[in-house]
Amino acid sequence: MSLQSTSVARDLDGQWSQVQDMLRAEFGKTAYSTWLAPLTLGGFEGERVLLIVPTRFLRDWIATHYGERLRAIWSGIRPNMRNLEVVVDNGRDDAAAV
């Protein structure tokens with residue numbers, strides 16, 4: 001891994017940590033723990049942030065109930081982010097843009 005890619009990964013991890021802190025503060029411990037804590041950062045490709053969840057149900061719930069807020073928080077932290085995609089981590093290509 002090059003120094004630049006290490007720096008980018010560190011920046012992205014820091015941004016994800018900020019997003020998590022903001023979600024926890026905004027929605028509270030119970031809602032965060034139940035619905036948002038299972039999200040993991042998959043990466044950033046071009047203008048797209050990729051988040052991973054363990055089930056389709058959780059993906060759909062997050063997209064419906066938290067998608068707009070997730071996108072707004074990410075946009076505030078990373079202005080070049082245009083798309084946010086939540087993907088199920090089950091080896092299939094189940095994705096939902098939010």
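Modeller: Let us begin with a definition: a residue is called partly exposed when its relative accessible area lies between the buried range, under 20%, and the exposed range, over 50%. Please keep in mind that this is a predicted model.

Biologist: Why is Arg71 called partly exposed?

Modeller: Arg71 has a relative accessibility of 24%, and because buried means under 20% and exposed over 50%, this value falls in between.

Biologist: What makes Glu68 exposed?

Modeller: The relative accessible area of Glu68 is 57%, and since the cut-off for exposed is over 50%, the label follows.

Biologist: How do you know that Glu68 forms a salt bridge with Arg71?

Modeller: Their closest N and O atoms are 2.8 Å apart, and the definition asks for a separation within 4 Å, so the pair qualifies. Glu68 and Arg71 are also three residues apart in helix α3 (residues 67–77), which means that about one helical turn separates them.

Biologist: Why is Glu85 called buried?

Modeller: Glu85 has a relative accessible area of 17%, and buried means under 20%, so the word applies.

Biologist: What makes Arg48 and Glu85 a salt bridge?

Modeller: Their closest N and O atoms lie 2.3 Å apart, and the limit is within 4 Å, so the pair counts. Arg48 also forms a salt bridge with Glu45, where the closest N and O atoms are 2.0 Å apart. Glu45 is partly exposed, with a relative accessible area of 46%.

Key: Residues are numbered from 1 along each chain as its sequence is written. This is a predicted model: local features need pLDDT of at least 70, side-chain atom pairs count only at pLDDT 80 or more; totals for chains, interfaces and linings use all residues. Side-chain values use heavy atoms; hydrogens and water are left out. A salt bridge is a side-chain nitrogen of Lys or Arg within 4 Å of a carboxyl oxygen of Asp or Glu. Buried means under 20% relative accessible area, exposed over 50%, partly exposed in between (1.4 Å probe, protein chains only). Helices (H or I, at least four residues) and strands (E, at least two) are DSSP runs, numbered from the N terminus.
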